[in-house]
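I opened the structure and kept notes on what I looked up. The entries follow in the order I made them.

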Amino acid sequence: KGKRQKTGIIKNMGRKKTKKVGIVGKYGTRYGSSIRKRIKQYEISQHAKYVDPFTGKENVRRLVCGIWKGKGSGARKIAGGAYQLATPAAITAKDNVERLKKLQKKTE
């Protein structure tokens, strides 16, 4: 706590930081704890930086829902998931395509 000035205003009194809730502290006690925990996962993943599949650098950020953009020269927009650059379903599909391409090359 800060020192009181003559005007009665407390000096140097900052905002309290959240210990456990983190980014969802803005919701306070509303919506229930389990929903806030789920939202916390979404918000952390959507604000995180991801590795650019073209350059290999960790500089891809979310623009809007499903649109991701790398930072720097030659930055491209990438279609991805709403909260993550690559969704689990997209990763599975990509792996299956690569596996089928290898099988097709073997048979030729």
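**The largest pocket**

I began with the lining of the largest pocket and found that helix H2 gives the largest share of it, 3 residues. I took helices (H or I, at least four residues) and strands (E, at least two) as DSSP runs, numbered from the N terminus. The model is predicted, so local features need pLDDT of at least 70 and side-chain atom pairs pLDDT 80 or more, while totals for chains, interfaces and linings use all residues. Residues are numbered from 1 along each chain as its sequence is written, and side-chain values use heavy atoms, with hydrogens and water left out.

I noted what a pocket is: on a 1 Å grid over the protein atoms alone, an open set of points where a 1.4 Å probe fits, with protein on both sides within 12 Å along at least five of seven lines; lining residues have an atom within 4 Å of a point. The largest pocket holds about 170 Å³ of space. That volume is the space filled by probe spheres set on the points, which are joined across faces, edges and corners.

I listed the lining residues, among them Ile78, Gly80, Leu85, Thr87 and Lys94. Strand S4 (77–79) and helix H2 (88–107) each supply at least two residues of this lining. I sorted the lining into 6 nonpolar, 3 polar and 1 charged. In this sorting Ala, Val, Leu, Ile, Met, Phe, Trp, Tyr, Cys and Pro count as nonpolar, Asp, Glu, Lys and Arg as charged, and the others, Gly among them, as polar.

**Val24**

I next looked up Val24, which sits in the segment before helix H1 (33–47). Is Val24 buried or exposed? Val24 is buried, at a relative accessible area of 3%; buried means under 20%, exposed over 50%, and partly exposed in between (1.4 Å probe, protein chains only). Leaving aside neighbours within four places in sequence, Val24 is in contact (heavy atoms within 4.5 Å) with Arg36, Ile39 and Lys40. I also noted 9.6 Å between the C-alpha atoms of Val24 and Ile44, which are 20 residues apart along the chain.

**Helix H1**

I found Arg36, Glu43, Ser45 and Gln46 buried in H1. Their cover includes strand S1 (50–51), strand S2 (58–64) and strand S3 (67–70).

**The whole protein**

I counted 2 helices and 4 strands, in the pattern α-β-β-β-β-α along the sequence. Of the 108 residues, 14% count as buried.
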